[in-house]
Amino acid sequence: MFNPSRRSVLAATAAGAAVAGLAACSNDNSKAGGASGAKGNFDERGPITFATGKDTSGKLKEFLEKWNKDHADEKVTLVELPESADEQRSQFINNAQAKSDAYTVLGLDVVWTAEFAAQQWVVELPEDKFKLDKLIPSTVDTAKYFDKLYAVPYTTNAELLFYRKDLLQAAGSNEPPKSFEEMYQMIEAIRGTEEGKDTLGFGSQYSKYEGITVQLTGLAKSAGKDLFDKEGKPQANSNEAKAGLKAVKDGFDKKFIPEEALTYKEEESRQAFQDGRLAFLQNWPYVWDLANAEDGSSKINGKFDVCPVPGIGSAEGSAALGGLNYAISAFGKNMGTAIDFIAFMVEEAQQKEWTLATSQAPANAAVYEDADVLEKYPFFTTLKEAIDKGTSRPQAVKYGDVTQAIQEATYSVLSGEKEVDASLDELQKTLEELQA
C-alpha cells in the first residue's frame with residue numbers, strides 16, 4: 001500500500017514481493033466487468049462490516065466509536081485483516097469468490113481497484129454521494145475504472161527526494177537538484193569535499209519486487225510520458241520510458257548509485273541514508289520521523305530536507321502514487337449505510353485526526369494546509385506538490401502478471417543483464433499480450 005508510517009511501509013514491501021505470486025488468484029477473464037461493472041442497492045440500511053488491514057494507531061477504533069454512537073441501528077463492526085497486504089488481498093479474493101457477505105466496506109490498495117472492479121467484486125459508486133471535489137484529483141483517478149467510480153480514496157502517498165543539505169552546502173549549493181543530471185553533478189561535487197568524500201551517492205528501491213514497478217512508473221512520467229496511456233494501453237518502450245530507465249542505469253554505471261542498491265527495498269535504502277552513507281534518497285515520507293530521531297538511531301537528524309523527485313532532462317519529476325481506497329463489496333449488505341460511512345471517513349475532521357496520529361498522507365486536500373498538521377509535518381506542502389504531480393501505477397486487471405513483467409524487465413537492465421532498448425521492447429510485447 002506504500003503508506004508513510006514505517007510499519008505500513010514494511011507491510012506494503014512484503015506485499016510487493018508477493019503480488020506477482022498472487023497472479024494465479026486472479027480470474028483469467030481480463031474483460032470481466034469491463035465498462036459495465038456490478039451495481040449496488042443503496043437503499044438498504046443497517047449494520048455493516050469494515051474489512052481493512054490491522055490498525056496499529058488505535059485511531060480507527062475511535063472513528064468507529066464516534067460513528068456507532070450516532071448510528072445505533074447502523075453500527076460498523078471492524079474486521080481487522082493481517083498486517084501484510086498480500087494476505088489482505090488473498091482474503092478479499094477468497095471472500096469475493098465465495099460471494100460472502102462477511103465484508104461490506106473494503107480497504108483496497110490503490111493498485112487493486114481496477115482488478116476488483118473488472119471482476120465485479122466491488123460495486124460502482126454514485127459520485128454525487130461524496131465530496132470528491134474536496135479530494136486531491138490524482139487520488140480520485142486511482143479509484144476509477146473505465147472512468148467510473150468504484151472506490152473513494154482515503155489515504156495517498158508519493159515518494160520524495162531526501163537530501164543532505166549540509167553536504168550540498170559544503171559543495172557550494174543551497175538548492176536541491178531538479179533532474180537526475182543535476183543530482184549526479186552534485187554527487188561529484190560533494191565527493192570533492194572533506195565532509196562528503198565517502199558518500200555512496202543516491203539510492204532508491206531497486207530490488208526485484210513491487211518497489212521497482214513504482215520506480216519505472218515514476219521514471220517514465222519523469223521523462224514526460226506515462227507508462228500506460230489514458231485508455232490503459234502500455235507504452236513501456238516509448239522514448240520517454242527508455243530515457244527514464246537509462247538515467248538510473250547511467251547512475252549505476254558511473255557509480256553515482258552504489259551496486260548494493262540492487263538489494264534496496266524501503267528499509268535498506270532508508271537505513272543507508274539514515275546512517276549517513278547516502279547524500280540523496282528517494283523514498284516514502286515515513287523516513288522523515290525516523291531520520292530525525294534524536295535517540296541516537298540517526299546520524300543525520302536535522303541535516304536533511306526534502307523536495308520533489310528529480311526529472312529526466314527538462315521534464316518535471318513525478319512519483320508513482322500509493323495509498324488506500326475504500327470500496328463496497330458486491331456481496332455486502334446495507335450498502336446505503338456503507339456509502340454514508342465512507343463519506344464520513346473522508347471528511348476533513350477524520351482525515352486530519354488520522355494524519356496527526358499516523359503521519360499518513362490524506363486524500364482530503366485541505367488537510368495539507370492545516371496549521372496543526374504543518375507544525376508537526378512541515379514537509380507536507382512539498383508532499384502535496386508531489387502527490388499533485390504523481391502518476392498511477394498500471395490500473396490493470398491482471399496486475400500480478402503486469403507488475404512481475406515490469407520487475408523482470410527493469411531489474412534485468414539495472415543488473416546489467418540486458419540493454420534498455422531490448423528489455424523495454426520485450427516488456428511492451430509482454431504487456432500487450434497480457435491485454436489481448
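This is a predicted model: local features need pLDDT of at least 70, side-chain atom pairs count only at pLDDT 80 or more; totals for chains, interfaces and linings use all residues.

Tutor: Residues are numbered from 1 along each chain as its sequence is written, and side-chain values use heavy atoms, with hydrogens and water left out.

Student: Okay, how do α9 and α16 pack?
Tutor: Helix α9 (residues 239-253) packs with helix α16 (residues 399-414) at an angle of about 35 degrees, and their axes are 9 Å apart. Axes are lines fitted to C-alpha atoms, for helices over the stretch in contact, and angles run from 0 to 180 degrees between N-to-C directions. Helices (H or I, at least four residues) and strands (E, at least two) are DSSP runs, numbered from the N terminus.

Student: Which residues in α9 meet α16?
Tutor: L245, V248, K249 and F252 in α9 meet T410, V413 and L414 in α16, where contact means heavy atoms within 4.5 Å.

Student: And which residues of α9 are buried?
Tutor: Among them are A241, G244, L245, V248 and F252. Buried means under 20% relative accessible area, exposed over 50%, and partly exposed in between (1.4 Å probe, protein chains only). What covers the buried residues of α9 includes α7 (180-191), α8 (210-222), α16 and α17 (420-435).

Student: What comes after α9?
Tutor: K255 follows, with a positive phi near 65 degrees.

Student: Switching topic: how many salt bridges does the structure hold?
Tutor: There are 25, each a side-chain nitrogen of Lys or Arg within 4 Å of a carboxyl oxygen of Asp or Glu.

Student: Where do K54 and E80 sit?
Tutor: K54 is in the loop between β1 (48-53) and α2 (59-70), and E80 is in strand β2 (residues 76-81), so this pair links distant parts of the chain, 26 residues apart. Their side chains meet in a salt bridge at 3.9 Å, N to O. K54 is partly exposed at 47% relative accessible area, and E80 is partly exposed at 31%.

Student: What about K352 and D370?
Tutor: Their side chains form a salt bridge at 3.2 Å, N to O. K352 lies in helix α13 (residues 348-358) and D370 in the loop between β12 (361-362) and α14 (371-376), so the pair ties together parts 18 residues apart in sequence. D370 is buried, at 16%, whereas K352 is partly exposed, at 22%.

Student: Which residues are linked in a network?
Tutor: R45, E74 and D340 are linked by salt bridges in a network.
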